[in-house]
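I opened my notebook to see what I could look up in this structure. Here are my entries, in the order I made them.

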Amino acid sequence: MLSEPYKISESELFKVFKDVAGEKGSSLYRVGALGGIKPISLFSYRFKAYEGFIRWLNENKLKFVDVIVKQLQNKKPIELFNFLNTHPVLESGWVGNNPKACRMFVNWVVFLFNEIWEQKVAKMKETLMIVDGHVGKVFCRTGLLEEVLYEKRRPYIIQASKMRQRIEEIVSRFGKTPFYVDNGAFYLFEDGYCSDLEPNCKGCSLNEVCKKYLKWTAYQMCDRDAFHLR
């Protein structure tokens, strides 16, 4: 299925989707405007983009790994991002003008080449920032950012993409590797430390530098008294 996706019929594709994701796709996707539903039409659309890209590789007698290495030959991960994000076939499979999924893929590729395969095709210091709501929240709780930006139409959704430029500037100023920073910030939430309402500050590795409840910027729209601020 992965190596020859064009041999898969739509009925077979739909069956795989429902087996993995359930009738409404909620077992595959739980966040977003559709309330945890990932339509089979969107899944099919992206799969067809992947199918088209495999055809493009075959028609041009290319291997994907060689394409990646070529795009990283100037040691600039942003060049691989631009290639994937604007490819006439692949662009239909990514989401938005500055897709987080594409940035994440580029970072993991660079990480694998550097840390696993020990091929220095790009610099880890030049990986791309991937900012989601949890990363933005962590940067505010530590005091590095003044406020979290929320969507106007859905005030409970953090506008992470609009916070990314400022976070990129901060990470660059400190000379840190974006890939490690954004992964570390995300996993502070994922591992149960910087959770939304009851963060485990005592066990958190940033305990000594985080402003914790002294300056509650991440959830300023909530009822502050309910969190026993001090």
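I started with a word I need: a residue is buried when its relative accessible area is under 20%, exposed when over 50%, and partly exposed in between. By that rule, buried residues make up 38% of the 230 residues in the protein. I note here that the model is predicted.

**Entry: overall layout**

Which elements does the chain have? I found eight helices and zero strands. Reading along the sequence, I wrote the pattern down as α-α-α-α-α-α-α-α. Then I looked at contacts between residues with a separation of 6 or more: 58% of them join residues 24 or more positions apart.

**Entry: the nonpolar cores**

I looked up the largest nonpolar core next, and it has 22 residues. Those with the most contacts inside it are I68, L72, L80, L84, V106, V109 and V110. Which elements give two or more residues to this core? I listed α2 (40-59), along with α3 (64-71), α4 (77-86) and α5 (100-116). The largest share comes from α5, with six residues.

Leaving out residues up to four places away in sequence, V106 touches P77, L80, F81, L84 and L128. There is also a second, separate core, with 19 residues, and Y150, I158, I170 and L188 are among them.

**Entry: one face of α3**

Which residues of α3 are buried? I got V67, I68 and Q71. I looked down the axis of α3 and its buried residues fall within an arc of 100 degrees, so they line one face of the helix. What covers these buried residues includes α2, α4 and α5.

**Entry: a look at I54**

I54 sits in helix α2. Is I54 buried or exposed? Its relative accessible area is 12%, and the limit for buried is under 20%, so I54 counts as buried. I also took a distance: the C-alpha atoms of I54 and V89 are separated by 9.7 Å, and the two residues are 35 residues apart along the chain.

**Entry: salt bridges**

A reminder to myself: side chains of opposite charge can pair when their charged atoms come close. How many salt bridges are there? The count comes to eight. I went through several.

- K15 and D19 meet through their side chains, at 2.8 Å from N to O. Both K15 and D19 are exposed. They are separated by about one helical turn because they are four residues apart in helix α1.
- K76 pairs with E126, and their closest N and O atoms are 3.4 Å apart. This pair links distant parts of the chain: K76 is in the loop between α3 and α4, E126 is in the loop between α5 and α6 (133-141), and they are 50 residues apart. K76 has 35% relative accessibility, so I put it down as partly exposed. E126 is partly exposed too, since its relative accessible area is 27%.
- R166 and E169 meet in a salt bridge at 3.5 Å, N to O. They are three residues apart in helix α7 (residues 160-173), so about one helical turn separates them. R166 is partly exposed because its relative accessible area is 37%. E169 comes out at 39% relative accessibility, so E169 is partly exposed as well.
- K48, E51 and R55 are linked in a network of salt bridges.

**Entry: a nonpolar patch on the surface**

Which residues form a nonpolar patch on the surface? V16, V20 and L28 do, and together they have about 230 Å² of accessible area. L28 is placed in the loop between α1 (10-21) and α2.

Note on methods:
Residues are numbered from 1 along each chain as its sequence is written. This is a predicted model: local features need pLDDT of at least 70, side-chain atom pairs count only at pLDDT 80 or more; totals for chains, interfaces and linings use all residues. Side-chain values use heavy atoms; hydrogens and water are left out. Patches are made of residues with over 30% relative accessible area and no salt bridge: like charges are joined within 9 Å, nonpolar side chains (Val, Leu, Ile, Met, Phe, Trp, Tyr) within 5 Å. Accessible areas come from the Shrake-Rupley method with a 1.4 Å probe; for residues, only the protein chains shown count as cover. A salt bridge is a side-chain nitrogen of Lys or Arg within 4 Å of a carboxyl oxygen of Asp or Glu. A nonpolar core is a set of buried Ala, Val, Leu, Ile, Met, Phe, Trp, Tyr and Cys residues joined through side-chain atoms within 4.5 Å. Buried means under 20% relative accessible area, exposed over 50%, partly exposed in between (1.4 Å probe, protein chains only). Contact means heavy atoms within 4.5 Å. The arc is that of the directions from the helix axis to the C-beta atoms.
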